[in-house]
Amino acid sequence: MSGNIKLLSDTLAAAKAEGRSALIAYLPAGFPTVDGGIEAAKAVFDGGADVVEIGLPHSDPVLDGPVIQTADDIALRGGVKIADVMRTVREAHEATGKPVLVMTYWNPIDRYGIERFTAELAEAGGAGCILPDLPVQESATWREHADKHGLATVFVVAPSSKDARLADITAAGSGFVYAASLMGVTGTRESVGEQAQDLVRRTKATTELPVCVGLGVSNAEQAAAVAQFADGVIVGSAFVKRMLTADGDVTAGLAGIRALAGELAEGVRKRA
């Protein structure tokens with residue numbers, strides 16, 4: 001079975017045709033439970049997200065800030081497994097018909113097996129994978145299997161990336177490019193600054209792929225600001241924080257993230 005890279009590309013293209021950025025939401029699998037995480041993915045789609053990234057919880061993340069680390073810890077203590085991640089992707093996609101990716105560090109895939117992981121992700125209806133710590137120069141085997149199974153390979157670029165490095169990364173990637181808006185870890189910020197706009201400009205000079213900005217966006221105003229120059233706005237910690245502050249009340253948490261998705265969806269539609 002082939003994965004849904006075309007659905008991802010078509011979804012991003014449709015947002016562009018509407019004259020707006022796409023809203024991409026991130027949520028960890030298994031948080032607050034496996035079933036709760038599936039309902040959370042459906043809720044943000046229902047609120048207006050165009051794409052959802054499902055995080056594969058990791059005990060030693062390098063990109064994730066304290067909010068997502070807290071959620072990952074809850075998921076890991078709950079016994080979340082890769083099979084649960086695949087189930088989350090499958091059920092979120094089947095319920096909505098929308099593109100769902102996995103965001104994961106490389107070690108779990110390496111241990112699980114590249115062919116097994118890509119085949120199962122495609123079978124689940126996944127659109128691809130975001131791999132923040134896989135060096136492009138070591139990615140050929142992964143990309144071979146991802147291409148075979150119709151999956152996007154999304155790499156992360158940062159403000160520190162030199163232009164030649166950006167060209168290497170974007171040439172190897174597919175689906176879209178994840179532009180980290182600042183140096184550091186995920187989390188909400190007071191503002192998403194000029195670094196992000198400069199990075200998007202430099203990245204777009206190297207590729208026709210959509211460039212989507214993440215790290216730091218937490219409200220409609222920030223989403224609107226980033227939407228003026230990015231093809232997609234990625235929000236993670238703000239959604240996770242809404243679930244955490246619900247303090248175990250899953251119904252309240254789902255209502256909170258659905259409402260936040262609605263606010264952010266309005267934000268990415270605002271014109272300058």
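These legends describe close-up views of a predicted model.

In this predicted model, local features need pLDDT of at least 70 and side-chain atom pairs count only at pLDDT 80 or more, while totals for chains, interfaces and linings use all residues. Residues are numbered from 1 along each chain as its sequence is written, and side-chain values use heavy atoms, with hydrogens and water left out.

**View 1. Trp106 and Trp142 form an edge-to-face aromatic pair.**
The whole structure holds 3 aromatic pairs, where rings of Phe, Tyr and Trp (its six-membered ring) pair if their centres lie within 6.5 Å, and planes under 30 degrees apart count as stacked, over 60 as edge-to-face and the rest as tilted. Between Trp106 and Trp142 the distance is 6.0 Å centre to centre, with 90 degrees between the planes. Trp142 has a relative accessible area of 1% and is therefore buried, a word that means under 20% relative accessible area (1.4 Å probe, protein chains only).

**View 2. Phe117 and Trp142 form a tilted pair.**
Their ring centres are 6.3 Å apart and their planes meet at 55 degrees, so the pair counts as tilted. Phe117 is buried because its relative accessibility is 0%. Ring pairs join Phe117 and Trp142 with Trp106 and Tyr112 in a cluster.

**View 3. His93 and Asn4 are joined through their side chains by a polar contact.**
This contact spans 3.3 Å; the term stands for a pair of N or O atoms within 3.5 Å, of which, within protein, one must be able to donate a hydrogen and the other to accept it, and residues adjacent in sequence count only if both atoms are side-chain atoms. His93 is buried, because its relative accessibility is 15%.

Key:
Buried means under 20% relative accessible area, exposed over 50%, partly exposed in between (1.4 Å probe, protein chains only).
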